[in-house]
Amino acid sequence: ELYYQYTPIRTIFPALLLPLSYFYFSSPNRLKYYGMLVLFSIGILWNLDVGLFAYFAFVGALMFKEFLQNKTIYKKITLALMHFIRSLFVFAGILGVFILYIIFRYGSWPVIYDIIASQLLYIGGSAIPLFRAWTLIVFIYFLGINFSIRAIVRKDPSVNTIMIFLL
C-alpha cells in the first residue's frame with residue numbers, strides 16, 4: 001500500500017543514489033565527490049532510516065573502490081579511512097548549518113532527539129518469519145557481497161563492480 005509517508009518522502013534519496021553514483025564513478029572529480037557527500041548528508045536529515053542507508057552505501061562504495069586499486073594494503077586502508085573521515089566532516093558541516101538555520105529562524109536550538117524518536121518506536125519490534133520474500137533479498141545481497149569479494153581479489157575496478165557493491 002502506497003501512502004504519503006513512504007512515497008515520495010522515503011524514496012527520494014535511495015532513488016537518487018543509483019544514477020548519481022553511476023554518474024560519479026564513471027568520471028569522478030572533486031566537485032561530484034563533495035556534492036554527493038553533501039546531498040546524502042542532507043538525506044540523513046531528510047529521513048533518517050533511508051538517508052543513513054544512502055549515505056553509508058555511497059561512502060562504502062568509495063571505500064570499496066580503494067580496495068580495488070593496485071596499491072599496498074596500508075595505502076588502501078589509509079585512503080578508505082580518509083573517505084570515511086571526509087564524509088564525517090561533511091556531515092558535521094551540514095548538521096552545523098542545519099542547527100544554525102533552526103537557531104536563526106526559530107530562536108531556539110533544534111531538538112535533535114526528535115529526528116530519531118520515531119525510529120526508536122520500531123526497535124525491538126515483532127519477530128520476522130524466517131521463510132518469506134525477504135530471505136530472497138538477503139540471498140541476493142550475499143551474492144553481491146560474494147561478487148565484490150571476488151572483484152577485490154581480481155582487482156577489477158570497473159564501474160559495474162562498484163555499482164554491484166553499492167546495491
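The model is predicted: local features need pLDDT of at least 70, side-chain atom pairs count only at pLDDT 80 or more, and totals for chains, interfaces and linings use all residues. Residues are numbered from 1 along each chain as its sequence is written, and side-chain values use heavy atoms, with hydrogens and water left out.

**Stop 1: helix 1 and helix 3**

Select residues 12-26, which form helix 1, and residues 48-67, which form helix 3. Helices here are DSSP runs (H or I, at least four residues), numbered from the N terminus. Two packed helices are described by the angle between their axes and the distance between the axes. Helix 1 and helix 3 have axes 9 Å apart, at an angle of about 20 degrees. Helix 1 is therefore roughly parallel to helix 3 (angles under 35 degrees count as roughly parallel, over 145 as roughly antiparallel). Axes are lines fitted to C-alpha atoms over the stretch in contact, and angles run from 0 to 180 degrees between N-to-C directions. Now display the side chains: F13, P14, L17, S21, Y24 and F25 of helix 1 meet V50, F53, A54, A57, F58, A61, L62 and K65 of helix 3.

**Stop 2: helix 1 and helix 7**

On helix 1, the contact (heavy atoms within 4.5 Å) involves L17, L18, S21, Y22, F25 and S26; on helix 7, it involves V159, N160, I162, M163 and L166.

Next, select T161, I162, M163 and L166, the buried residues of helix 7. Buried means under 20% relative accessible area, with a 1.4 Å probe and protein chains only. These buried residues pack against helix 1, helix 3 and helix 6 (133-154).

**Stop 3: N47**

Move to N47, in the loop between helix 2 and helix 3. N47 has a relative accessible area of 10% and is therefore buried. Apart from neighbours within four places in sequence, N47 is in contact with I9, R10 and L52.

**Stop 4: K32**

Finally, select K32 in helix 2 (residues 30-46). Which side chain of opposite charge is nearest to K32? That side chain is E66, 15 Å away. K32 is buried yet has no salt bridge (a side-chain nitrogen of Lys or Arg within 4 Å of a carboxyl oxygen of Asp or Glu). Beyond its neighbours within four places in sequence, K32 is in contact with F23, Y24 and S27.

Methods
Helix = DSSP H or I, 4+ residues; strand = E, 2+ residues; numbered from the N terminus. Buried < 20%, exposed > 50% of the residue type's maximum accessible area, 1.4 Å probe, protein only. Lys, Arg positive; Asp, Glu negative; His and termini not counted. Parallel < 35°, antiparallel > 145°, perpendicular 65-115°, else oblique.
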